[in-house]
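Reader: I've got a model open and I'd like to learn how to read it. Can we take it feature by feature?

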Amino acid sequence: MKETIIGIDLGTTNSLAAMVFEDGPEAIGRVGENPIIPSVLSKTKEGWIVGKGALPYRLSAPDQTVYSIKRLMGLDFEELEEDRKDLPFEIVKAQRQLVKVRLGGQEYTPQELSAEILKKVKQEAEDILGFSVQKAVITVPAYFDDAQRQATRDAGKIAGLEVVRIINEPTAAAIAYGLDEKKEGYIAVYDLGGGTFDVSILKISGKIFKVVATCGNTHLGGDDFDYALGSTLKAAVQQKYPQADLNDSISQQTFKQIAESLKIELSSSLEADYHIEIPEKSIFFQGKLTVAEFESLIRNILDETLVSCQKALDDSHVTTQDIEEIVLVGGSTRIPCVRKCVEQFFKRTPHVAIDPYKVVAIGAAIQGHLLAGGRRDFLLLDVIPLSLGIETLGGTFSKIIMQNTTIPTEASELFTTHVDQQTSIDINIYQGERELVKDCRKLGQFKLRGIPPMKAGLPLAEVTLHVDANGILTVSALEKRSEQKAEIEIIPFHGLTQYEIDQIVEDSFEHALDDFNERQLIEFRNTVESVFKGIEQFWATAETILTPSQQESIRKQMSVVEKFSKGNDAQALKAQMDILGDLTRPLADASIGNAVLSELQKPSPSSSS
Ligand code: ADP
Ligand code: MG
């Protein structure tokens, strides 16, 4: 068997391992669990706690808990002046101008602390893969100097890894997209993470990458978005509670946390509700934020990143026209407006198909695979691995683009309302293979507003799903009578591994029969409700055209249908509905009843008013 060389993205906030499996490169993680390992470690009586488990210690034991250790790697005391102020753990001077971190009376080098993170990454990978991992390619920022690279190598060695190669993060990202196969040209890699931003201009010639310029700000990123948003939330709360002191650490932490989750929600919906509760201060606040409001809050920060992009171009003596490919890296590039900004600046669509959280580790894994003598014979996603669609009445999943469709692709379907005078329609977007949305994965949502009040069934909402060659899904909804329109952009396959996709498909086979019955039940029950409504509406007509005994049979059959619609057998319900259908045929044939009863048969998205 060929030896395995894994790829490791040793990040400031998060770390991740990946490798090339039989069907391609993938992050190493457990099904259903986030494969990302926070780069946080805490010293406890029982030893080191590393990763997710260490996160709570940031609050409960701040002087025993280390994060952002990457900022200290290979730097000397003077160079770290700014970080020393920000970081809550104790940083001390060591020999040869280097630094150590003092925790519980003991001193550790940044290499030793990074090694604990790498040990955790190695251990997790081995547990998941079931074999031991010896070799790795580790990534570092392009601006790391020799001392910082050497420190990273040493950390790997301390962790028991043979560091086969250190490669630049932007280079790894370019490799993930197969850009090492290009003969020559310039590539821009835009990396916006949690606390750092950098943009690199790479030049490729003959499969060799050269970093020609790198520019950025090591203290700019998603945290700043959280801060800007948190301040806005705080101001809103302060207005309602002018007396409250909101400057203590609990309040600050609350605003930061709510801001971050709100920010993430707004990457897949056009607006989001939020609740702020600080019970100790009797503060209960709720509000709503739109994407447009969020975008205006972060606009200045984004402009700052574009200034760096321009500087990187100038330093490389090239213009945007010379840049042939753009790659996005880092969690914050999941924000649609970040993507749009970069696209507008470079006047070219960036590569985004690979999860920006994973792209560096995946590139490192491919590099490791190639170094181990592996071949590059895997393809990037070019079909849609899971069906895409929206939620319809009663929680059913209405697929619009089917699994295995080749991208780019587009499909539309017409939906209508279920409730009279409904002025908005909720569009909830899902992916999956099951019949009910509760068994599928939610991708995003928005409301189509401003529909003039009409009878149920009259509005015609055309929902269009478009997936471009880059894997970006645009969902738009157009109400045809009022021309109201809304749309959203999402990337459906971020955050899902190939294993999870396989699992989802497998589950759908296993549940196919049950799901089918359950879906039919919901659909039949909806029809029953509509038909009952229709019958009541036209009962006056019924009384003029039907004999009393015909009327009575309808009433009787209605109660039978009602009983069956409370049961669990879709086919039995259908049989009773058919009998009711026969009995009401004379009524449906009366011209006016006919129109309504048939209009009521159309599927409709989940209701809202
Ligand atoms: P780093 O390179 O600093 O380790 P990451 O690339 O891990 O950072 O990115 C972390 C940042 O990405 C955090 O600020 C987080 O809030 C942000 N983030 C993650 N997912 C989303 C999302 N869906 N929308 C917006 N921001 C996100
Ligand atoms: Mg990063």
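Reader: Which side chain does the side chain of threonine 464 make a polar contact with?

Author: A polar contact is a pair of N or O atoms within 3.5 Å; within protein, one must be able to donate a hydrogen and the other to accept it, and residues adjacent in sequence count only if both atoms are side-chain atoms. Here the partner is the side chain of serine 412, at 2.9 Å. Keep in mind that this is a predicted model, where local features need pLDDT of at least 70, side-chain atom pairs count only at pLDDT 80 or more, and totals for chains, interfaces and linings use all residues. Side-chain values use heavy atoms, with hydrogens and water left out, residues are numbered from 1 along each chain as its sequence is written, and chains are lettered from A and ligands numbered from 1 in the order in which they are written.

Reader: Is threonine 464 buried or exposed?

Author: Buried means under 20% relative accessible area, exposed over 50%, and partly exposed in between (1.4 Å probe, protein chains only). Threonine 464 counts as buried because its relative accessibility is 12%. It lies in strand β24, residues 461-467 (strands are DSSP runs of E, at least two residues; helices are runs of H or I, at least four; both are numbered from the N terminus).

Reader: And how does aspartate 145 read, buried or partly exposed?

Author: Aspartate 145 is partly exposed, because its relative accessible area is 36%. You'll find aspartate 145 in the loop between β11 (135-140) and α4 (146-158). A polar atom of its side chain lies 3.1 Å from the backbone nitrogen of alanine 147.

Reader: On to the ligand. How many residues surround ligand 1?

Author: A residue is near a molecule if one of its heavy atoms lies within 4 Å of it. Ligand 1 has 17 residues around it, and the closest are Thr13, Asn14, Glu260, Lys263 and Ser267. Helix α7 (residues 249-265) gives the most to this shell, with 3 residues. The shell also draws at least three residues from each of domain 1 (5-177) and domain 2 (181-353), with bounds from an automatic or database domain assignment.

Reader: Which polar atoms sit by the oxygen atoms of ligand 1?

Author: An N or O atom in the side chain of threonine 13 is 2.5 Å from an oxygen atom of ligand 1. Glutamate 260 has a polar side-chain atom 2.5 Å from a ligand oxygen. The protein covers 89% of the 580 Å² of accessible area that ligand 1 has on its own (Shrake-Rupley method, 1.4 Å probe; for residues, only the protein chains shown count as cover).
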